[in-house]
Amino acid sequence: MYKSLLIIPGLLACAVAQANDALSLADTVVTASRQVESRSESSAASTVFTRADIDRLQPNSVTDLLRRVPGLSITTNGGLGSLSGISLRGTNVTQTLVLIDGQRIASASAGQASLEFISVDQIERIEVIRGPRSAIYGSDAIGGVVQIFTRQGRDGLDARVKLGVGSNQTFTRDLALSGGNGQTRFALGASLNETDGINRTTNSVGGDRDEDGYRNRAFNASLTHNFTDDVEAGIRLLEQTGSTEYDLLGDPEDDFSLSTAAAHVQWQVSSLWRTRLEVGHAEDRRDTRSSVFPSSYDTYRDSASWLNNLSINDAHNLQLGLDWYEDRMRTDGAFTDDERYNQAAFAQYRFNGEQVSAELGMRHDDNEQFGSENTFNGALIFALSNNQQLVASYSEGFRAPTFNDLYNAWGSNPNLRPESSKSYELQWRGQFDTTTLQASAYRMDIDDLILLDSFWIPQNISEARINGLELSAERDILGWYTVASATWLDPRDRSTGQLLPRRPKRLLSIDSDRQFGDFGIGFSLVANSTRYNDAANTQKLSGFGTLEVRGNWLMSDTTRWDLSVSNVLEKEYALSNDFAGNPYQNEELNARLSLTWTPQL
């Protein structure tokens, strides 16, 4: 998972094929600068989960996997399929940019990405960039960027059949076929996951007394072809549809659809210049069936990007890019406007020296609604020795107001300004034999936070300051591959001095696994300190710690059994409250057993 941070000579060449192979490597990162680079050369603090990590850790959802990222906490409204959000480095759930294969997936109305609907079976890799990255991506990247890459094909021909069963009448089915050769790669996959779920709240009135089920049908496809050694084109598709129940007046149920399509053409024009054109389309559709509050909020987003990488020589690199996207919303609500576009240009220069490296970037966004926004980032990387680095960086971020903030006929404000941030960070990275260590200390100031005033009208009325310290370590301890992280956060509203809601001040995560021939065992420990559900800090949510154990058995070369048991200690805990102040419940003891068959073709 968290691999070496040292420079690996010759790892990154400009050849097109290496951009594909990089998705299977944990010591490279694509998201930090929108091009393949070694994690040790990147100025950004990053976390990478490969497919091998996902198989080993056996998460039951994307948020279950992400909860072990340093500085990242989870908010959910109950069990599987419930509304879920991530707070990265103490920021709001709408202040982290989430991408699937380069496509933005956040709802244009609410501003939050529907992470709860993404099937883990369809994922090849996840990269998490911690800290503002708006100088590369524009809006929403205040806390950082999470990019999800869907499955891809490899040389040869592979098939996969996976069947699983778990607590609360949970069933999973997954079918896949992938393959390729030196020129062409493809992947096809489909899955069906469903559960009767749990009663998500402690409220026992009316329809809220029932269990809240969830059903997800997912499909992914990808095709990549190298026309020559220098020209590549590809397309990726992901679609997830289903329904999820939850507790509210009217016993509501949401029918959802989350889909992305991305296509690219990449050309290594010369040894100095690589150019890439990307186009994409994303949809987030949610239709609520309710006897009291039926509604429909659908987001449609088209995008295009032109990226150019100029390798002037071994020491100097220049990245130039143009971005455009348009959001359209279709809803039965009353909105004064239902579409807007954003266009942008950015440049980032990189100098690589023997002892000191530097990075400087700038982006200009022009939005149809709020005008223009300029963001900057800069970093210095010092080689303290052949196995240690020190990184000092400054980053800016911003988040554009949502359609709800600007255009809702019932309580909006067309004069809102974007939220903006400035972040200062100092990182240390070290590799000592089989031990990898990282430390990050940072301060982030966020201005013009959008909150509702006493008349429930959104206003730029708040400021926040977040101080943080992240420590992480990776080591093989007596045959146990162990990754641990600890985070201390102080996220406060500067006007009131209160802690920002739903953010714990301390987080701890430990994963440890060992393989004994054909058998493997492991455990995960996650602990969060107290948090508050509200801005006034009157609704206290107790801290908690959960333990998960897992095992696997490679019964044959083609057959594997996996077993995991979550919340072994049956800890009762809540990550948020409902409107009436009732805590949303999470699953207590939960067991899952799966069989994976990969026949030799």
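1. Helices (H or I, at least four residues) and strands (E, at least two) are DSSP runs, numbered from the N terminus. By that count, the chain has 5 helices and 33 strands. The radius of gyration, taken over C-alpha atoms, is compared with a globule rule of 2.2 Å times the number of residues to the power 0.38. For this chain the radius is 23 Å, close to the 25 Å that the rule gives for 601 residues, so the chain is as compact as a globular protein of that length.

2. This is a predicted model: local features need pLDDT of at least 70, side-chain atom pairs count only at pLDDT 80 or more, and totals for chains, interfaces and linings use all residues. Residues are numbered from 1 along each chain as its sequence is written, and side-chain values use heavy atoms, leaving out hydrogens and water.

3. Buried means under 20% relative accessible area, exposed over 50%, partly exposed in between (1.4 Å probe, protein chains only). Buried residues make up 55% of the 601.

4. A nonpolar core is a set of buried Ala, Val, Leu, Ile, Met, Phe, Trp, Tyr and Cys residues joined through side-chain atoms within 4.5 Å. The largest one here has 30 residues; V62, L66, I118, I126 and I148 touch the most other members. Helices α2 (51–57) and α3 (62–66) are among the elements that each supply at least two residues. Another core, of 12 residues, lies apart from it and includes A44, I129, V145 and F346.

5. Look next at W273. This residue sits in strand β16. W273 is partly exposed, with a relative accessible area of 32%.
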